[in-house]
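Trainee: I am new to this structure and would like to know what its labels rest on. Could you go through them with me?

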Amino acid sequence: MTGPTSIGPTAAVATAADWPDVAGLRHRVFVVEQGVPADLERDDADATAVHALSRDDAGRVV
């Protein structure tokens, strides 16, 4: 008998639909954890930069 298959975290280039998750993660890491002022955390390059996002088996951002 086998249990559920776990593939582990996955990573992919973020799409526009992923932006709320990308922004939330960046806020937690840079603003909350590292103390970067929120107004400095984002810049004009974000619109053209490639962002990657990793999720666990449950779809949570990691």
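**Labels and their grounds**

Mentor: Start with Asp-46, which counts as buried at 16% relative accessibility. Keep in mind that this is a predicted model.

Trainee: Why is Asp-46 called buried?

Mentor: Buried means under 20% relative accessible area. Asp-46 has 16%, so the label follows from the cut-off. Asp-46 is found in the loop between α2 and β2. Leaving aside neighbours within four places in sequence, Asp-46 is in contact with Trp-19, Arg-26, Glu-41 and His-51.

Trainee: What makes these residues contacts of Asp-46?

Mentor: A contact means heavy atoms within 4.5 Å. Trp-19, Arg-26, Glu-41 and His-51 are in contact with Asp-46 in that sense.

Trainee: Where is Glu-41 placed, and is Glu-41 buried or exposed?

Mentor: Glu-41 sits in helix α2, residues 38-41. The relative accessible area of Glu-41 is 11%. The limit for buried is under 20%, so Glu-41 is buried, at 11%. Not counting residues up to four places away in sequence, Glu-41 touches Arg-26, Phe-30, Val-31, Val-36 and Asp-46.

Trainee: Why is the pair Glu-41 and Arg-42 called a salt bridge?

Mentor: The definition asks for a side-chain nitrogen of Lys or Arg within 4 Å of a carboxyl oxygen of Asp or Glu. In this pair the closest N and O atoms are 3.8 Å apart, so the pair meets the definition. Arg-42 is partly exposed, with a relative accessible area of 45%. Glu-41 and Arg-42 also belong to a network of salt bridges that links Arg-26, Glu-41, Arg-42 and Asp-46.

Trainee: How many salt bridges does the structure hold?

Mentor: The structure holds 6 salt bridges. One of them joins the side chains of Asp-18 and Arg-55, at 3.3 Å from N to O.

Trainee: Why is the pair Asp-18 and Arg-55 said to tie together parts that are apart in sequence?

Mentor: Asp-18 lies in the loop between β1 (10-13) and α1 (19-33), and Arg-55 in strand β2 (residues 52-55), so the pair ties together parts that are 37 residues apart in sequence. Asp-18 is buried, with a relative accessible area of 17%.

Trainee: What makes Arg-55 partly exposed?

Mentor: Partly exposed covers what lies between the limits of under 20% for buried and over 50% for exposed. Arg-55 has a relative accessible area of 22%, so Arg-55 is partly exposed.

Trainee: How do you know that Arg-60 forms a salt bridge with Asp-56?

Mentor: The closest N and O atoms of Arg-60 and Asp-56 are 2.7 Å apart. The limit is within 4 Å, so the pair at 2.7 Å qualifies. Arg-60 is exposed, with a relative accessible area of 54%.

Trainee: Why does Val-13 count as exposed?

Mentor: Exposed means over 50%. Val-13 is at 56% relative accessibility, so Val-13 counts as exposed. Val-13 lies in strand β1. Not counting residues up to four places away in sequence, Val-13 touches Asp-18, Val-50, His-51 and Ala-52.

Trainee: Now the whole protein. Which pattern does the protein follow along the sequence?

Mentor: The pattern is β-α-α-β, with 2 helices and 2 strands.

Trainee: Why is the protein called more spread out than a compact globule?

Mentor: The globule rule gives 11 Å for 62 residues, and the radius of gyration is 15 Å, well over that value, so the protein is more spread out than a compact globule. The C-alpha atoms fill a box of roughly 55 × 25 × 15 Å along the principal axes. Of the 62 residues, 18% count as buried.

Trainee: What share of the contacts between residues at least 6 apart in sequence joins residues at least 24 apart?

Mentor: That share is 66%.

Note on methods:
Residues numbered from 1 in each chain as written. Predicted model: local features only at pLDDT ≥ 70, side-chain atom pairs only at ≥ 80, totals over all residues. Heavy atoms only, no water. Helix = DSSP H or I, 4+ residues; strand = E, 2+ residues; numbered from the N terminus. Rg over C-alpha atoms; globule rule 2.2 N^0.38 Å. Buried < 20%, exposed > 50% of the residue type's maximum accessible area, 1.4 Å probe, protein only.
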